[in-house]
Structure formats: structure tokens, C-alpha cells
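Here is a short briefing for a reader new to this structure. Look at the fold first, then read the points below.

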Amino acid sequence: MATAGKRVSHAFLGTAWLIGLALIGRGAWLRSVRSPPGVRVSVIVPARDEAKRLPRLLSCLADTNVHELIVVDDDSRDATASVAVGFGAKVLSVGEPPPGWTPGKAWACATGAAVATGQVLVFFDADVEPTSAGIDALVAAASESNGLVSAQPSHRIEQWYERASAGPALVTLLGAGTGTTPARRWWRDAVAFGPAIAVDRRVYHSFGGHAAARVAVDDDLALARAARSAGVPVVALLGGALLRYRMYPGGIAQLVEGWTKNLASGAIAIPPARLIACIVWVTAALSAPFAGVVVYLAFAAQVHVVLRRAGRFGVVMPFLYPVALIVFVALFGLSTIATTARRRVRWRGRDVPVGRRS
């Protein structure tokens with residue numbers, strides 16, 4: 001009986017490891033290529049209480065081919081607007097959105113896009129640190145695909161607690177996948193990475209832009225769904241050395257709040273087959289250390305591949321992956337409670353309602 005149980009356990013772990021290979025895939029990277037000559041680019045930055053982080057982003061944009069820089073001050077309680085003005089940005093101030101809109105990023109992005117004059121719109125979160133080559137690559141990809149292009153920036157880690165993002169970052173990439181969304185949707189749906197998005201202005205307005213995400217907490221995923229429904233190609237890439245960011249420099253509380261806001265809603269957006277595959281892989285990976293060193297190292301190798309794509313979490317983190325996954329499970333539990341029981345998540349001093357889909 002014990003032998004039979006052991007065989008079943010090994011079969012499960014082996015199957016889960018193969019599932020992990022399918023989830024990891026090849027990885028699609030943002031390629032360093034120059035943007036088409038003569039393309040006017042508008043960069044739009046939604047910003048709420050970002051006075052400390054904006055200078056790094058705006059400094060990165062200083063020596064680029066960006067023709068128009070728009071910072072949308074989303075009812076900030078700090079010096080966000082004055083910081084943006086100091087860098088020569090056009091500043092738009094918005095308060096509470098009109099009826100039918102959830103307060104937050106989608107409304108700020110839509111406000112900026114409404115006045116942008118560029119041929120290509122690039123949306124950056126305030127914590128993104130783009131290189132000039134990264135902006136060119138985003139614009140080139142959007143122009144070439146005539147679609148919605150996004151790139152997941154590489155995590156830049158400074159403090160020990162920021163490594164707690166390793167688990168959520170790992171599972172996010174496994175769940176989302178990269179590349180152009182295939183025609184068949186049973187395994188992968190359209191996804192966009194919210195920190196960095198580029199799209200031709202006419203294409204953006206053709207599928208409704210951020211108005212399609214007006215009631216969504218997961219505004220990036222809602223934007224991708226709207227584009228896909230309108231027949232617009234959706235391309236999700238890895239930023240690598242071209243795009244980086246430091247997500248939660250404000251401490252552990254900010255990290256917990258940030259991941260709690262998005263994890264559960266993101267899981268709901270994953271096609272059932274891929275969601276089940278992720279659950280199987282996470283369950284097996286947590287069990288692997290009890291199955292022996294070889295099995296544990298086999299899963300650690302998979303984690304190493306994905307974390308290299310996600311950012312600079314250090315050489316030790318793949319070997320500590322069970323701790324990272326336990327942190328992920330805890331954060332996912334908090335997110336599920338907030339999303340399904342409270343039906344509200346907390347972000348930047350706001351209670352944001354969830355449960356409605358665009």
C-alpha cells in the first residue's frame with residue numbers, strides 16, 4: 001500500500017513538473033530595436049501620491065524621443081503635481097471620476113489619453129524606470145503589430161522585504177504567459193502588463209481604450225480583453241534590461257496592500273485550464289521538498305528560470321522558493337477575502353470596490 005502511494009505521489013510530482021514546463025514556455029522579450037522614424041510619442045503617467053518615485057521615471061524620460069509627457073495627478077495628497085511640473089510635464093489634475101467609473105488608474109489613463117496628440121500612446125506606472133531603448137522597443141512593437149503591446153518590467157530589489165514579491169511575481173508570470181495571445185483561448189487569454197503599455201492612438205480608441213476598464217480593479221486585464229474582443233492583437237513581453245521598476249519601496253505594508261489588490265482578480269481572469277495547471281504546479285512545488293533532494297532541485301530549477309525573467313531576486317531565492325510560495329498563498333488568501341467577502345480592496349488611501357467586470 002505504501003509503495004503504491006509513493007508511486008502515485010511521484011507520478012503527480014512528475015506530471016506537475018511537466019505542466020510547469022508548459023506554463024514557463026519560451027518567454028517573449030522586448031527586443032532592442034529603434035522605433036519607426038517620425039513617430040510622435042505621447043507618454044502618459046497616472047500618478048497618485050508619487051512625489052518620491054516620479055523623479056526617477058521623469059529623469060529616465062529626459063533624453064528620449066518622447067514628444068509629449070503627460071502626468072495625470074490623481075487627487076494626490078503630496079507634491080506629485082509640482083514635481084511633474086518641475087520636469088516639464090503637462091499636468092492634468094483629476095478628482096473623483098464620473099458615475100460608472102471606479103476611482104483609480106483607468107480613469108487617470110483615460111483622462112490623459114483624451115488630450116494626448118501622439119501617434120503612439122505609452123502608459124507608464126510611476127515606478128517604471130525605462131531606458132531610451134526600451135521606449136523605442138515598445139513603440140516599434142506597437143507599430144509593427146498594430147496592436148496592444150505591454151511589457152512586464154524587471155523587479156529591482158533594494159531591501160530584504162522586497163524579496164517577498166518573488167512568489168507573487170513567479171505565479172503571475174506562470175499564469176499570464178508571454179507573447180502574442182494565440183487564437184485558441186482555452187489555455188491562454190489576452191493579458192497585458194499594466195506598468196508599461198504601448199498602443200497606436202487610433203487602435204486605442206477603436207476598442208474603447210480605458211473606458212473598457214472603467215469598473216475593473218484589474219484594469220490592465222480588462223484593457224486586454226477589450227482589445228482582443230475587438231480583434232486587436234494583444235502582445236505581452238518581458239522587459240528585461242530595457243524596463244525595470246521597484247514596486248514597493250514604502251515597506252512591507254505597502255507590499256501586502258499592493259499584491260492583495262490584484263492577485264485574486266487576476267486569478268479570475270485566467271482561463272480555467274491554465275488556472276488549474278497553476279494550482280497543480282504550486283501544490284506540487286510545495287510538496288517537492290518532502291519527496292527528496294532531486295525532486296526539490298528539479299522544481300527549484302524551474303523557479304530559477306522564471307525568477308530570472310521576473311527580476312533580480314538573488315541567486316539564493318530559487319532554493320528558498322517554498323517560503324516564497326507560502327508568502328504567495330498567504331497574500332492570495334488575503335486578496336480573496338478582500339475581493340469576495342469585503343468586495344473592496346485598499347490602495348493609496350482609497351477603498352476601491354471590486355466585483356464588477358467591464
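A nonpolar core is a set of buried Ala, Val, Leu, Ile, Met, Phe, Trp, Tyr and Cys residues joined through side-chain atoms within 4.5 Å. Buried means under 20% relative accessible area, exposed over 50%, and partly exposed in between, with a 1.4 Å probe and protein chains only. This is a predicted model: local features need pLDDT of at least 70, side-chain atom pairs count only at pLDDT 80 or more, and totals for chains, interfaces and linings use all residues. Residues are numbered from 1 along each chain as its sequence is written, and side-chain values use heavy atoms, leaving out hydrogens and water.

**Cores**
- The largest nonpolar core has 47 residues. L170, L174, W281, F299, F313 and Y321 touch the most other members.
- Several helices and a strand each supply at least two residues of this core, among them α1 (2-24), α6 (166-176), β10 (234-238) and α12 (321-342). Helices (H or I, at least four residues) and strands (E, at least two) are DSSP runs, numbered from the N terminus.
- Another core lies apart from the largest one. It has 37 residues, including A51, A89, V149 and L243.
- In soluble globular proteins, nonpolar side chains tend to be buried together.

**W281**
- Leaving aside neighbours within four places in sequence, W281 is in contact with A16, G20, L23, L170, L174, F299, Q302, V303 and L325. Contact means heavy atoms within 4.5 Å.

**Helix α6**
- In α6, 10 of the 11 residues are buried, so the helix is largely enclosed by the rest of the structure.
- Its buried residues include P168, L170, L173 and L174.
- G177 follows α6 and has a positive phi, near 75°.

**V256**
- V256 sits in helix α9. It counts as partly exposed because its relative accessibility is 28%.
- Beyond neighbours within four places in sequence, V256 is in contact with L331 and L334.
- V256 and L334 are 78 residues apart along the chain, yet their C-alpha atoms are separated by 8.8 Å.

**Whole protein**
- The protein has 12 helices and 13 strands.
- Buried residues make up 56% of its 358 residues.
- Its C-alpha atoms fill a box of roughly 70 × 40 × 35 Å along the principal axes.
- Among contacts between residues at least 6 apart in sequence, 78% join residues at least 24 apart.
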